[in-house]
Amino acid sequence: MESIDRCLIDAHLKGDTTAFSEIVRRYGDSILGYLTRMAGNREQAEDLFQETFKRVHEKAHTFRGGQFKSWLFKIATRVTIDNARRCRRVKLISLNQNLDCNNKNEELSAVAVADSHNPSGEVIKNEQTEQVRHAIQSLPDKQRATLVLAYYQQLSYPEVAEVLGCSVGTVKTQMYRALRTLAKKLPDVGEGLE
Amino acid sequence: MKYHLTEQELIEYQFKLASDDRLEGITGHLQSCAQCRKDLEQLKRKFASLHLLCEETKVSEDLISRTVEQAKSPVKTKILFRKSAWIGAAASVLLIGFLSLVAHLNKQTMPAYQTDRQRFAKEPKPTTETIKSDVKTESLLADRFDEGSSIVSRPSSLVPVEEQPPFAPASAIELVVLPRRENVQLTIYNSADLTLVRERRNLTLKKGWNWLQFMWANALIDPTSLSLEPLEQKDKIGIQQLVFPVRLRELGRWLIRSEVTGQVPFEITYFTSGLSWRAFYMGILSQDEKTMHLQGYVRVANKSGEDYDNAQTRLIVGKVHLLDQIAELARRQYPYGRPMWPFRSLDSSGVAGDRRAGDRLGIEYDAKNISSELADLEQLHRKEIRKEGLSEYFLYTIEGTETIPDKWGKRLLSFEAQDIKVKSLYKYDEERFGERTITYVSFVNDKEHNLGETPIPNGQLKIYNQADEQRHLSYVGGTEIKYIPVNEEIELNLGPVRLVSIEPILMDFKTDNYVFDERNNIVGWDEEQAWKVEITNTRTLPIEVEITRGFDTAYWTLQAEIPYGKHDATHARFKVNLQPRSKRAFTYTVRTYRGVREESLTR
C-alpha cells in the first residue's frame, strides 16, 4: 500500500500527470468524508477538498515516506483549521445574522424536502442527523478532528496522533473530552438505529 | 461495598481509551454488575446516533477533474491568500475605518463582481445588510484570487492592518518560517569570547501581524542581544517586540507588523560565544641569521554549536569591555528572565551543570588540538586578509567567504614578509635567566623591515633556522609575542643556547673604609669585587653578547676593561662582539658602598 503511494508520488514529482489524478481517486472518498464531517456541509467540504489536493500537489516533494495516508490527513486537517479560523473571523462581524458560516440549516431543510418517500420518519431522522452534526460541529477543532479521524475514518489512535502531531495520550484525552461533551448533546436514537 | 463504573470509565471502555490492564478490570466488573451493564447499554445507544453521519461519501468525477485542474494552476496568489487569517478582521476594519472608501469601491466594482459571482461563487447569498455586503466583497475578492484570475495583487491600502497586536500566535501555522541564511558575517573578537553575527534572510510576510520564531537550540547565543531589522521597505514594516515564551528554552518570537505582503530581506544580529580566533607565526631565519622570512596565520575555531556556511569573516584585535560573558548569558536557564541576571547566583547554582559541559568541551579541544592542526594544514589555501584600523581596535577581513562548521577550525594565511632584517643577540643576566645564555631575535614592525602595514596581533611564534644550503630547517625556539603596534620593536626570546657560554668568575673580594659610631659599631664600609667574564662562542657565526651585572645597591662605581652602560640604578651592561669559534674575556672591578658610606658617593 505504502509502496504504491510512494510510486505515485515519485511519478507525480517526475511529471507524470496521471499519477496525481490517481492519488486523488485513491484517497478522494475518505478525504471528502473527513472534510464533510469536519466542515459540516458538502459544498464547503468540496472547496476544502480542492484546497487539500492543491497543497498535496505543491508539497509532494516534502513527503519523506512513511504513511502517506497520515500525511494526507495532516494536510486536510491544516486546511480545515485554516478555514475554520477564517470562518470564525467572518462570524465575528456577523453576529446579528441568523445564518452561520456553514449555512447548515438551509442545507438540512433542502435534504428534508428532497427525501420525502417516508416523510415523518425521514424528517425525524434528518432532525437527529442534524443534531449529531451540530453536536460534532460544536466541538473544539482538535477534539472534532480526533473524533472524526478515529471514529469515522477508522484511523488507529497512533495514526491520529501522527496526523495531529501529538502523542497518543493526547489523542485519547481529546477523544474522551469529545465523547464526554457529545454524551450530553447526542440524541438517544433507541434500538431501531443500526 | 459495591461500586459502579463512572461515565468516564464506561466511555474509556467503549472506545478503548484506557490501558489494557484497566480495560480488563472494567470487563471483569461488567460481568458481575448488572447496573453497570445497563449503563453501558444506555451509553451505547447514545453514541449509536453517531452512525447517522456514517454515510458513504463518494467523490464525483467532476470534482476529481476540477481538483486536478485546479492543482495544476498557478499557486502563489492563492496560497498567500488562503493562508491569510486576516480577511475577516480586515473586513471589520474596512467597515469601521473606511466606510466611505468601501462604498466608493462597491460602486466601482460591483458590476465586475456580479460577473465574477456567476463565474466563481457557487451559491451567492442575499446581502441584507451593509455588514454582510462587506463580508461578501471580501469573500468574492478572495474567490477571485483563488481562481487565479487576472488580479495578481491588490492595492494594499484597501486592507488596513489590525491595530491591536496579537498576544501570541494562534498556532504554529501562523509563524513565519525562518528561511535559510542568504549570507552571514562573523566579527570575531580575540580578546573576549565574543562574536557578532549578522545574518541576512529573506522572510515572507503577510500583511498584518506576523510572528517570526527564532530558535537556537544547542547554540551559545546571547538572547538579550537579538536584533531584527528590515533591509527594505523599512517605513512599512515595524518590529514590535521580541518575546521569550515561558517554558520554552532557546526560542524567541518576534512580532512584526507589516503593511506589505511578500518577501522582504531582513538582517538578524546577535552575539554568540564559542567562536574564536588566534594568530600564530612561523619565522625562518637565514643561514647568517641576518634576515627572516615571516609568515602569519590566523586560526578560526568554531565551538558555538552552529555551522556557518560561506560566512564573511572579520577578526578584531583589541580589548573590548564586556559587562557579561556571552557564554554565561547563552547558557543561563531562563532567557526571558530579568535582563541583568545576577551572575554570582548563577555561578553557584543553575549553571553548574552547563559549566561542567564547558569544561568537557575544553578537554575535548585539547585532545583534538593536534589533529585539527593537521587538518588545518591540509585545508590551507591562501586568501588575502584585508586589514583596517578602527578607533580602538584593528579589523582584519578575510577575503571572500569561509565555511566554518561547528567543532571545526580553519587556518588561514594572514600575511607573509620576506627578508626582514633581524638582529640576533645573546643575553646573559643571572637575575633573569640564571646561569644560562638566552638567544634573542629582534626586529621592528616598520616598512624598513618589510612590515609595518598593520599591527601584529599577539600569538605564538615558532622560529626555524636554515640548517644548510638545501634549506633544511632546524627548530630554534618558540615564544609568545604580544601585540606589536606599527613602528614598534619586538624582541623575541628564543630560549637558552648551548653554543654560546658566558662564565663570570670572582677573582678578588675585599672590604675597607669601615666607619664606626660612638659605640664602636660598624655603620658603613666599602666592598670591592674583581670579576673576570669569559665568553666562548662555538658557533660558526659572529655573535653579539649582552651581559647584565647586578650589584644589589644603587651605590656603586665600576672600572672595566671594556665600555659599559648603566642599565638602571643597580645594573650595568656590557656588550661584546665575538668572532666565529672564538673566546674572549674581560675584567671589571666594582666597588659598592654600604651603610653611611653611601653618603660619601653622593657627596
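Visitor: Which residues touch the most other members in the largest nonpolar core?
Guide: Leu35(A) and Leu72(A) do, in a core of 54 residues. This is a predicted model.

Visitor: Which helix gives that core its largest share?
Guide: Helix α2 of chain A, residues 17–39, contributes ten residues.

Visitor: And what is Leu72(A) in contact with, leaving aside neighbours within four places in sequence?
Guide: Tyr27(A), Ile31(A) and Val56(A).

Visitor: What does the second, separate core include?
Guide: That core has 52 residues. Among them are Leu212(B), Phe280(B), Tyr308(B) and Ile398(B).

Visitor: Why would such residues gather at all?
Guide: In soluble globular proteins, nonpolar side chains tend to be buried together.

Visitor: Back to chain A. Which residues of helix α8 are buried?
Guide: In α8(A), residues 157–164, the buried ones are Tyr157(A), Val160(A), Ala161(A), Glu162(A) and Val163(A).

Visitor: What follows α8(A)?
Guide: Gly165(A), with a positive phi near 65°.

Visitor: Sheets now. What is the strand order in the open sheet of five strands?
Guide: β15-β10-β9-β18-β19, in chain B. The pairing is mixed.

Visitor: Which strands stand at the edges?
Guide: β15 (409–421) and β19 (473–481) of chain B. Each has a single partner strand, so one side of each lacks a neighbour in the sheet.

Visitor: How are neighbouring strands turned against each other?
Guide: By 20° on average in this sheet, direction ignored.

Visitor: How many bridges join β10(B) and β15(B)?
Guide: Ten, in the antiparallel sense. β10(B) covers residues 291–302. One pair there is Gly296(B) with its bridge partner Phe415(B) in β15(B).

Visitor: What about the open sheet of four strands, what order does it have?
Guide: β21-β22-β27-β24 in chain B, with antiparallel pairing. β21 and β24 (556–560) are the edge strands, and each pairs on one side only. The twist averages 15° from one strand to the next.

Visitor: How many bridges join β21(B) to β22(B)?
Guide: There are 14. β21(B) spans residues 500–516 and β22(B) spans 522–537, and they run antiparallel. Leu506(B) stands opposite Trp531(B) of β22(B).

Visitor: What lies between those two strands?
Guide: Five residues; the two strands form a hairpin. Asn520(B), in the turn, has a positive phi of about 70°.

Visitor: Change of topic. Where does Thr224(B) lie?
Guide: In the loop between β4 (208–215) and β5 (227–230) of chain B.

Visitor: What separates Thr224(B) from Tyr270(B)?
Guide: They are 46 residues apart along the chain, and their C-alpha atoms are separated by 8.3 Å.

Visitor: Confidence, then. What is the mean pLDDT of chain B?
Guide: The mean is 75, and 70% of the residues in chain B reach 70 or more.

Visitor: Where does it stay under 50?
Guide: One stretch is residues 75–83 of chain B, with 17 contacts beyond four places in sequence. Residues 107–159 of chain B are also below 50. That stretch has 52 contacts in the model beyond near neighbours in sequence.

Visitor: What are the ipTM and pTM scores?
Guide: The model has ipTM 0.77 and pTM 0.44.

How values were computed. Residues numbered from 1 in each chain as written. Chains lettered and ligands numbered in written order. Predicted model: local features only at pLDDT ≥ 70, side-chain atom pairs only at ≥ 80, totals over all residues. Pairing = 2+ DSSP bridges. Axes fitted to C-alpha atoms, helices over the stretch in contact; angles between N-to-C directions. Buried ≥ 20, exposed ≤ 12 C-beta atoms within 10 Å, placed from the backbone. Core = buried A, V, L, I, M, F, W, Y, C linked by C-beta atoms within 7 Å. Contact = placed C-beta atoms within 7 Å. pLDDT = per-residue confidence, 0-100.
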